[in-house]
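Subject: Structure for you to look at

Dear colleague,

Please find below the structure I promised to pass on to you, followed by some notes on what turned up when I went through it.

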Amino acid sequence: LFGLVATAVLTPCVIWAATQLGVMDRGGYRRVGVLSRPLLGGLSLAVPFVLVCVLGYFEPTNMFRIVRLNIDPYAFLVLAGGSVAIVALGAYDDVRGTRVRYKLAVQIGVGVFVSLSGFTLNRIELPFGRLVNLDGFLGTCLTVLWIVGITNALNLIDGVDGLAAGVALIACFGFGVIAMQKETTFVVLLSALLGGSLLAFLAYNSYPARVFLGDTGSMFLGFVLATIGLMGNYKSQITTIWFPAILVLGLPILETVLSMLRRFVQGRPLFAADAHHTHHRLLRMGLSQRQVVLVLYGVSLLLAGAGILNQVIPKGHYAWWVPHVLYGVTIVGVIWGAGYVNPPESFKTYWHLRNQSVVLRALSQYAILALSGRRGVANATDIFHAIRAELGLDFLSAWFEEGPVLIGSCGAHSSDGSDLTYLDSVERIRVKTASGQHIIIRFRINKDAMEHELDAIMACIVRIFENAQISLKNIEEEEKAREEAVLWKEMLEAGTGCGGGKKTQ
C-alpha cells in the first residue's frame, strides 16, 4: 500500500520536473516523428524502495523484526546503496547520455559491491534440484554476471509502453509467492513494496504512456530483481540463485540471449542498439502496442507460473516435470511465434549481413576519426560524400538541434514537387551524443533496400554521429573561421586590382 500511494503521488511530480528540465525521450534511435515523453520515471519507483530499505536497516519503528529473522539486516543497506548507484547512473544517462563501456563499468562495480558484502554465489540450483558448488572466485564472477545481465535485460525489453514495468510486476508477484513458500519474509516484503509501486506506475506508463521508465527505471528494476533473486536463499552464509528465479525472469533472460546471438551472427557489436527484439518483431507482424504487451504479459505469467510450480511441487513427485515442460514449451513458442526460426535459405541472408556489417563498421570507424578532426584523415565534406556513396543515399544532411547549426550536407535534398511520395521515403532520425547534445539526421536511400539493410544503414549512421567527437562550439568556430577566410580572400582579390598595381597586405 505504501509503494502504491508513494509512486502515485511521486510520478506526476517526476513528469513535471522532467518536462521542466527538458529530460525528454524524443525518439533517440527511433524516428523523430514520435511524440516526446518525459524520462526519469524510475525515480518514482526508486525513492519509496530505498526509503523502506533504509528504515528496514535502522528499524526505528520495530516493524521489521520478523523480516530480520531469516536474513542479515545489512542486506537492506546493500540493496539501498546499490539502488542509489544504479539510479544515479541511469539518471545521468537519461539527462546527458553516456557510453556503454562506462555504464558497464559502474554496473560491474555495483555487482562487485554486492558480492563483497557477503552475497556471493556459493552454489547454483539447476533443473531437477541438482546443486553445483562454486569456489570463491568463480562465485564472484557469476554473481557479477547475474547482476549485470539482469540489470541490462530489463533495459532491453523496455521498448513498448508498459512492457518492462508490467513484466517486472509479474516477476514481483512470482517472487512473492515463491518466497511465501520458502518463508523468506525479506523477499515477500520487498516484492510487495515494488509490486505496489509498479501497479501505480503502470497507470501512467501504459499505452499511450505519459512517462517512460528511462534507463533510470529499467536498470533499477533489473538490479533489484537480480539482487532479490540472489538474496532469496541466503541462509547460513550459503547463497543460491534458485532455479525458480531463473524461470520467473525467463522473458528478459531469453531476450538478452537472443539479442547477443543475433548481433554475433550478423557481425555487429554485441551492445549496439537494433530494432529486432521480440516486441519489434510482433509489431511488424501487424499487432498493436496493446496486443504486443498483452501477449508478452501472458508469456511472463506462464514463466512465473512455471517458477511457482517448481517451488510448490515437491521433489520426487510424479508431476515434478510439469514446470520444466511448461517453461520449455513457452520459450519455444516465443522463438517460433516471433519468427526467430527461419528457413535454411535465410542463412545466406545472415552471411550477407555479416559481410555488410564488417564493411559498415570500417566505414563508421573512419568517419568517426574524420569528423573528430583527426589529422591525416579526409575532411568532413569528403566524409559526407563517402558515407552517401557507400550507403547508397540520395542525400545526407546533419545538424545540431540547438541553434540549429548545420554540420554537413551533400546530395539532392528535394524533389521537383510532382512526386508527393518523396517525403514518405525520407528518413529523419535523432541521436544524442556523449556530450548530451542532439543531432538531427536526414537521408534517403536511392535503392529499394530490404528491411534488414535499412536497419544496418541506420545503425551505421547513428554509430557515426553518436561517437564522433564533434560539438556545437567547434562547428561554430569552424564556420566563423571559414567566413573570415572568405572575407580575407575577397579583400586580397580586391587589393590586387587597385591602381598602380599595388597589393594590399
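In this predicted model, helices α5 and α8 are oblique to each other, because the angle between them is about 140 degrees and only an angle over 145 would count as roughly antiparallel. Their axes lie 7 Å apart, and α5 passes α8 in a right-handed crossing. On the side of α5, which covers residues 136–156, the residues that take part include Trp146, Ile147 and Ile150, while those they meet in α8, residues 214–231, include Met219, Gly222 and Phe223. Sorted by class, this contact is made up of 10 nonpolar, 5 polar and 1 charged residues.

A second pair to look at is α3 (residues 74–95) with α4 (residues 100–116), whose axes are 10 Å apart and form an angle of about 175 degrees, so these two helices are roughly antiparallel to each other. Among the residues of α3 in this contact are Val78, Ala85 and Leu89, and α4 contributes, among others, Val106, Val110 and Phe113. Here the classes come to 8 nonpolar, 2 polar and 2 charged residues.

A polar atom of its side chain lies 2.8 Å from the backbone oxygen of glycine 41, and, once neighbours within four places in sequence are set aside, serine 44 is in contact with Thr7, Leu10, Thr11, Val14 and Phe201.

Methods:
Residues are numbered from 1 along each chain as its sequence is written. This is a predicted model: local features need pLDDT of at least 70, side-chain atom pairs count only at pLDDT 80 or more; totals for chains, interfaces and linings use all residues. Side-chain values use heavy atoms; hydrogens and water are left out. Axes are lines fitted to C-alpha atoms, for helices over the stretch in contact, and angles run from 0 to 180 degrees between N-to-C directions. Helices (H or I, at least four residues) and strands (E, at least two) are DSSP runs, numbered from the N terminus. Angles under 35 degrees count as roughly parallel, over 145 as roughly antiparallel, 65 to 115 as roughly perpendicular and the rest as oblique. Contact means heavy atoms within 4.5 Å. Ala, Val, Leu, Ile, Met, Phe, Trp, Tyr, Cys and Pro count as nonpolar, Asp, Glu, Lys and Arg as charged, and the others, Gly among them, as polar. A polar contact is a pair of N or O atoms within 3.5 Å; within protein, one must be able to donate a hydrogen and the other to accept it, and residues adjacent in sequence count only if both atoms are side-chain atoms. A crossing is left-handed if the near helix is turned anticlockwise from the far one by less than a right angle, and right-handed if clockwise.
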